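User: I would like to go through a protein model with you. Could you please show it to me?
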Amino acid sequence: MAEMVRIEKVHKYFGKLHVLRDVSLKVEKSSVVTIIGPSGSGKSTLLRCINYLEKIDSGEIWVDGKLVDPKVSNIRALRQEIGFVFQSFNLFPHLTAMNNVALALRKVKRLSRAQALEMAEDSLARVGLDDKLDSYPDELSGGQQQRVAIARSLAMTPKLMLLDEITSALDPELIAEVLNVIQRVATEGMTMVIVTHEMGFAKEIASQIAFMCSGDILEMAPPKELLAQPQTKECEKFVKAVLQ
């Protein structure tokens, strides 16, 4: 299988804090990799480095054959091929759901208003919100707002989607509707890297699960293998704690 993401020996510091320590990871096209691990292990930082929201100190990150480095690649153009969905919805409160989705299509892809609105409507329909096109964020539940954020990302037709703890700000009863949308997108062949604490979701959707601890990926394996037979004490301790 061809690679969508290749991370090689990446280090990242915040001052004296060594956040990422010699991290290497490969993500194949049309696969879903979920990243799990204790808080503070560097999961979200790694995701942000893939999109160059954080600059690495050493090592290399490649996305679809392009080096994520402004000296070599056009980072702005590369980001147009990478969807990023955050745990906070980051919707514009003064725009309807459809206009929240259409905005980037008009500003970044330079589509006409009519084209952008048509694509926004299609994207919102994909996440089950075709009846909320004209609703404002404060008229939507948390789960619906997160689905708008996912629709906004999908509308840009990315090659890769990065999702960072997208259910952590939601009430338990709203989590399932968001996870169901992501599962549908996965079945369509979208390559995704997902940081999550939802272990049942990680087990069900992932091609591979990567376990991070203390700034490095200690294990990576198919869900049944990693969760049933952890190879490190750190992973075994984490799995026992979250699955008990």
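User: Are Glu 54 and Lys 12 buried or exposed?
Analyst: Both Glu 54 and Lys 12 are buried. Buried means under 20% relative accessible area, exposed means over 50%, and partly exposed lies in between (1.4 Å probe, protein chains only). Please note that this is a predicted model, in which local features need pLDDT of at least 70 and side-chain atom pairs count only at pLDDT 80 or more, while totals for chains, interfaces and linings use all residues. Residues are numbered from 1 along each chain as its sequence is written, and side-chain values use heavy atoms, with hydrogens and water left out.

User: What does Glu 54 form with Lys 12?
Analyst: Glu 54 forms a salt bridge with Lys 12, and their closest N and O atoms are 3.8 Å apart. A salt bridge is a side-chain nitrogen of Lys or Arg within 4 Å of a carboxyl oxygen of Asp or Glu. Glu 54 lies in the loop between α1 and β4 (58-63) and Lys 12 in strand β1 (residues 3-14), so the pair ties together parts that are 42 residues apart in sequence. Helices (H or I, at least four residues) and strands (E, at least two) are DSSP runs, numbered from the N terminus.

User: How many salt bridges does the count come to?
Analyst: The count comes to 13 salt bridges. One of them joins Lys 66 and Glu 81, with the closest N and O atoms 3.4 Å apart. Lys 66 lies in strand β5 (residues 66-67) and Glu 81 in the loop between α2 and β6, so this pair ties together parts that are 15 residues apart in sequence. Another salt bridge is formed by the side chains of Lys 71 and Asp 69 (3.4 Å, N to O).

User: Is Lys 71 buried or exposed?
Analyst: Lys 71 is exposed, with a relative accessible area of 72%, whereas Asp 69 counts as buried at 17% relative accessibility. Salt bridges that share partners also join Lys 29, Asp 64, Lys 66, Glu 81 and Lys 159 into one network.

User: Let us change topic. How many helices and strands does the chain have?
Analyst: The chain has 9 helices and 10 strands. Its radius of gyration is 18 Å, close to the 18 Å that the globule rule gives for 244 residues, so the chain is as compact as a globular protein of that length. The radius is taken over C-alpha atoms, and the globule rule is 2.2 Å times the number of residues to the power 0.38. Buried residues make up 52% of the 244 residues.

User: And how many residues of helix α1 are buried?
Analyst: In helix α1 (residues 43-50), 6 of its 8 residues are buried. They are Lys 43, Thr 45, Leu 46, Leu 47, Cys 49 and Ile 50. Just after α1, Tyr 52 takes a positive phi of about 60°.

User: Is Glu 165 buried or exposed?
Analyst: Glu 165 is buried, with a relative accessible area of 13%. Asn 90, in turn, is partly exposed at 43%.
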